[in-house]
Amino acid sequence: MSSSATAGARSYQNFVNGKWQGAISGKTFPVYDPSTEEIIAQVAAADGADVDRAVQAARAAFDSGPWPLATAQDRGRVLFKLAEKIRQNSAALAELECRNTGKPIVEAEYDIADVATCFEYYGGLATKVTGHVNPVPANALSFTLREPVGVAGQIIPWNYPLLMAAWKLAPAIAAGCTCVLKPAEQTPLTALECANYFEEAGLPPGVINIVNGFGETAGSALVAHPGVDKIAFTGSAAVGKIIVKSAADTLKRVTLELGGKSPNVFFADADWEAAVDGALFGVFINQGEVCSAGSRILVEKKIYSKFVEAMTEKAKRIKLGPPLERETKMGPLVSKEQYDRVSSYLEIGKKEAKTAIGGGRPKQIGKGYYLEPTIFYDVDNNARISREEIFGPVASVIPFEGEPDAIRIANDTPYGLAGAVWTRDIYKAFRVVKSLRAGIIWVNHMQPTYVEAPWGGYKQSGFGRELGPWGLEEYLETKQVFVNLDETPIGWY
Ligand code: NAP
Ligand code: MG
């Protein structure tokens, strides 16, 4: 058994070929609760040899045995059953996610519900994958078959651990792929718990394998492995670039969901209360550890001073505290490393701009990687805090003068994941929607995400799309079949 949920720290192994297995090297690594800084689990540390074993299991399960014979209905039922198991265990999973990431319990509960919905969505979609008949001349028949891409290597970050796993596993299973998932080293626990449901859900051994470990060892081995057909990666742009280069050696299919520095644009005619709320929600939800965080808050000069004041007043009321308390609106950052990284940006920000609120560690808090929600204003769009993804509760407020100026500043970034625009003017709203170079645009909101709608970035925020039918497409190949209906010889020679 993987997980001994005894008092104190749990221990987990890798899940390979339907069995829990220790790392071949015997090594383990600790997993922490960032609100107490205590170790909550020890996890087997996979390296190249363990990854090879997992890829071989996934390869074998893809090439022979029951999985290639599973019908679309069978695969759909597996996904429905996984969703059911997740809903049955949602309280325990939410608590574990909350303890491992530091995110507020209420947010963790939403995440786990979204995980189940994602499995249900792709369970339904599994039976809707169809080919196409192509309009070739009358003496032939041409059609396309949609086939699974093969073994998928899936590498995910720590901010929405089980949800990011679901976004990758669910469409892969719907398509008929097999998977080797590598969770982030900081947050592998909920995905590992779900491995306990695989057999009951009807997944044959080797169809989903989970290897724990570090990016530099386990992750890079997965990307380089010739037995892997596709890499689906969510994480930083810096690691995304390394992955594309390494995957080139075996010409793997690659999809990348990377970071952002997304603009949240407020015009003077926006609904005031909703706008102030939306500015804070856009950047401080999940401690700001959100790829689509509205971390550049662009405000029209006519309302700029009042808006910064109103945001600051409201931000004072954001309740920091233990993630398991239901009133908590902001927990600690995920790790010491992330706390140090964001802290260093707070120092940079204090030099580059003015501080409206925050800027350091909250005074009343003892242990845990907590940082205050921080609002910098009068920020230049060329400042480092405007250009670089901080991935923490840090907002850069930037003034603009009129619509063309807003669009110019919003697009002046190497990233293109998301953006939002707030106005009551429908003409202006849609002009801005069409002008922003990003994969997701919200109007008079920021952050709602639905499994039915596509997710992914322009520019250096990556390529490929997750969710909806787009997410399934990325796990499918297209085979063209030509049938000659003309019985006369070709007559060429
Ligand atoms: P990260 O450092 O890029 O790591 C992401 C994953 O890649 C982790 O599993 C990591 O392993 C692994 N990894 C690291 N180096 C690797 C290598 N050389 N080869 C293969 N894998 C490697 O990102 P993070 O700090 O976990 O997450 C934050 C980033 O994710 C932010 O940039 C954020 O914007 C992005 N993100 C994007 C989306 C989206 O949908 N666009 C969603 C969420 C997050 P270890 O952690 O074990 O080292
Ligand atoms: Mg790492």
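Modeller: Leaving aside residues up to four places away in sequence, Y122 touches L79, A170, P171, A174, V451, L467, G468, G471 and L472, where a contact means heavy atoms within 4.5 Å. The model is predicted, so local features need pLDDT of at least 70 and side-chain atom pairs count only at pLDDT 80 or more, while totals for chains, interfaces and linings use all residues. Residues are numbered from 1 along each chain as its sequence is written, chains are lettered from A and ligands numbered from 1 in the order in which they are written, and side-chain values use heavy atoms, with hydrogens and water left out.

Y122 belongs to the largest nonpolar core, of 106 residues, in which Y122, F119, I297 and F307 touch the most other members. Such a core is a set of buried Ala, Val, Leu, Ile, Met, Phe, Trp, Tyr and Cys residues joined through side-chain atoms within 4.5 Å; buried means under 20% relative accessible area, exposed over 50%, and partly exposed in between, with a 1.4 Å probe and protein chains only. Helix α5, residues 161-175, gives the most to this core, with twelve residues; helices are DSSP runs of H or I with at least four residues, strands are runs of E with at least two, and both are numbered from the N terminus. The core draws at least three residues from each of domain 1 (10-258 + 461-479) and domain 2 (263-443), whose bounds come from an automatic or database domain assignment. Apart from this core lies another, of 27 residues, among them L298, Y345, I390 and I409.

Between the two domains, 25 residues of domain 1 are in contact with 29 residues of domain 2, although their centres, taken over C-alpha atoms, are separated by 31 Å. For the protein chain as a whole, buried residues make up 57% of the 493 residues, and among contacts with a separation of 6 or more, 73% join residues 24 or more positions apart.

Turning to the strands, an open sheet of seven has the order β15-β16-β17-β14-β13-β19-β20, with mixed pairing, and two strands pair if DSSP finds at least two bridges between them. Because β15 (354-357) and β20 (440-443) stand at the edges with a single partner strand each, one side of each is left without a neighbour in the sheet. Strand β19, residues 418-422, runs parallel to β20 and is joined to it by four bridges, and A420 has W442 of β20 as its bridge partner.
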